Amino acid sequence: MKRVLVVGAGIHGLVTAAREHIAKNQVFIVEKRKRIGGRGTSEESFGHQLEHGPHLLLKGGELHKMVKKLSKVKPSLRPLRPNKILVVGHGILYPVNNPKEMLNLKMGRDQVRENALRLISGWGQDIPERRKALLKGRLCVVGEGWAGLIGRLASTLEEVGVPIQTGMKITESYEGGVVTSKGLKIEADEVRMCDGAPVGDAIKVATLDVVLDNRPLKGLHGLVKGDVAILDLAAIHSKKAPGMSHFSCIALSGGVDAIEELLDERVSGWRSHIITKRENKSITLTDSRGHLSDGVI
Ligand SMILES: Cc1cc2nc3c(=O)[nH]c(=O)nc-3n(C[C@H](O)[C@H](O)[C@H](O)COP(=O)(O)OP(=O)(O)OC[C@H]3O[C@@H](n4cnc5c(N)ncnc54)[C@H](O)[C@@H]3O)c2cc1C
């Protein structure tokens, strides 16, 4: 049995800790913030959970498998449908009712739709597995949100007695342990860094999550224009803001202004229907290995 210290209680740290526990190692986690979850946290506002932009779970991916293995109740998933996403000025993302456009897409002759598929499936990253999953209905909105998955992992770790020490920042690691910002040395046989720090240049995006008291997209799952995507989580999953809209938006460039510009263009009057909103002017997209988490974690 090894003593394994996991640094960081984001999704990567929690999954790493669960794996180490399953491998019968003695695990403990340290987290610098007061709250666990990292970029997977949510904020409750007016009865709605607002996260850091749209997160889609790869059904059958490593994260989904791990959550299913650890939980008694399966997470409730609903697929994002590409035939319900509008590429502004171009048409439906996956034009099943238009054989000519479908043929163009399949023959790789439709760069606009290709870019939109890349945007939605990998938030601009080329991830063939997620692209395929989007087209097959396996890229899903999680009813309880990304933060709900974090909660499931954390409560399982608590049940099996894996301690999570919050409010403790690691400033140095050495062969055989780590040092905290208060100079405390913690010994471990192995240190697993899951601090979310990107290797190389971080990919930064802007996000906006906004709940409206109406349904202006009338059942569409989303809109795409250039580098900006707006998903209506409430149209995709009935657990999210029933009867309303829950727009979870991302812009690869142009910041929150680019998102609001698209909303102004396509959802006139949206500002007067806002119940609550949360924005990130700049947030790192990928984990410390440069990936989205759910397929590789
Ligand atoms: C808009 C957006 C959409 C996304 N969509 C998806 C998606 O659809 N699917 C998907 O799989 N992923 C998605 N991601 C990526 C996913 O959110 C991240 O990959 C994931 O949250 C990163 O988890 P992590 O644990 O590696 O890092 P983080 O969540 O950043 O967690 C790191 C933790 O380590 C702690 N920490 C840092 N330094 C120290 C230290 N020195 N000492 C102690 N603790 C420390 C931090 O406080 C934090 O809690 C998306 C991200 C964004 C921004």
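**Helices, loops and ligand shell of a predicted chain**

The model is a predicted one, in which local features need pLDDT of at least 70, side-chain atom pairs count only at pLDDT 80 or more, and totals for chains, interfaces and linings use all residues. Residues are numbered from 1 along each chain as its sequence is written. Helices (H or I, at least four residues) and strands (E, at least two) are DSSP runs, numbered from the N terminus.

Trp 123 is a residue other than glycine, and its phi, near 45°, is positive. Most residues other than glycine have a negative phi. Trp 123 sits in the loop between helix 4 and helix 5. Because 23 other C-beta atoms lie within 10 Å, Trp 123 is buried. A residue is called buried if 20 or more other C-beta atoms lie within 10 Å of its own, exposed if 12 or fewer, and partly exposed in between, with C-beta atoms placed from the backbone.

Helix 4 itself covers residues 111-122, and its 12 residues reach 16 Å from the first C-alpha to the last, close to the 16 Å expected at 1.5 Å a residue. The expected span of a helix is 1.5 Å times one less than its number of residues. The buried residues in helix 4 are Arg 113, Ala 116, Leu 117, Leu 119, Ile 120, Ser 121 and Gly 122. These buried residues pack against strand 7 (85-87), helix 3 (99-106), helix 5 (128-135), strand 9, strand 16 (222-225) and strand 17 (228-232). Packing rests on contacts, and two residues are in contact if their C-beta atoms, placed from the backbone, lie within 7 Å.

Leu 105 belongs to helix 3. With 19 other C-beta atoms within 10 Å, Leu 105 is therefore partly exposed. Apart from neighbours within four places in sequence, Leu 105 is in contact with Asp 110 and Arg 113. Between Leu 105 and Phe 46, which are 59 residues apart along the chain, the C-alpha separation is 42 Å.

Helix 6 (residues 145-159) was examined in the same terms. Its 15 residues should span 21 Å at 1.5 Å a residue, and the end C-alpha atoms are 21 Å apart, which agrees. Buried positions in helix 6 are Gly 145, Trp 146, Ala 147, Leu 149, Ile 150, Arg 152, Leu 153, Thr 156 and Leu 157. Their cover includes helix 1 (11-22), strand 4 (48-50), helix 2 (62-70), strand 9 (139-142) and strand 10 (164-165). Gly 161, with a positive phi near 85°, follows helix 6.

Another positive phi, near 50°, is found at Lys 218, a residue other than glycine. Lys 218 is located in the loop between strand 15 and strand 16. Lys 218 counts as exposed because it has 9 C-beta neighbours inside 10 Å.

The chain as a whole contains 8 helices and 19 strands. For 297 residues, a compact globule would have a radius of gyration near 19 Å, and the chain has 20 Å, which agrees. This radius is taken over C-alpha atoms, and the globule rule is 2.2 Å times the number of residues to the power 0.38. Along the principal axes, the C-alpha atoms fill a box of roughly 60 × 45 × 40 Å. Buried residues make up 42% of the 297. Among contacts with a separation of 6 or more, 71% join residues 24 or more positions apart.

The domain assignment gives domain 1 (3-45 + 145-193) and domain 2 (81-136 + 201-284). Such bounds come from an automatic or database domain assignment. The centres of domain 1 and domain 2, taken over C-alpha atoms, are 33 Å apart.

Of the 36 residues around the ligand, Gly 8, Gly 10, Gly 38, Gly 53 and Gly 196 come nearest. Helix 1 and strand 15 (204-212) are the elements that give two or more residues to this shell. The largest share, 3 residues, comes from helix 1.

Arg 39 is placed in the loop between strand 2 (26-30) and strand 3 (43-45). Arg 39 counts as buried because it has 21 C-beta neighbours inside 10 Å. Residues up to four places away in sequence aside, Arg 39 touches Gly 10, His 52, Gly 196 and Ile 283. Arg 39 and Asp 195 lie 156 residues apart in sequence, and their C-alpha atoms are 11 Å apart in space.

Note on methods
A residue is near a molecule or strand if its C-beta atom, placed from the backbone, lies within 6 Å of it.
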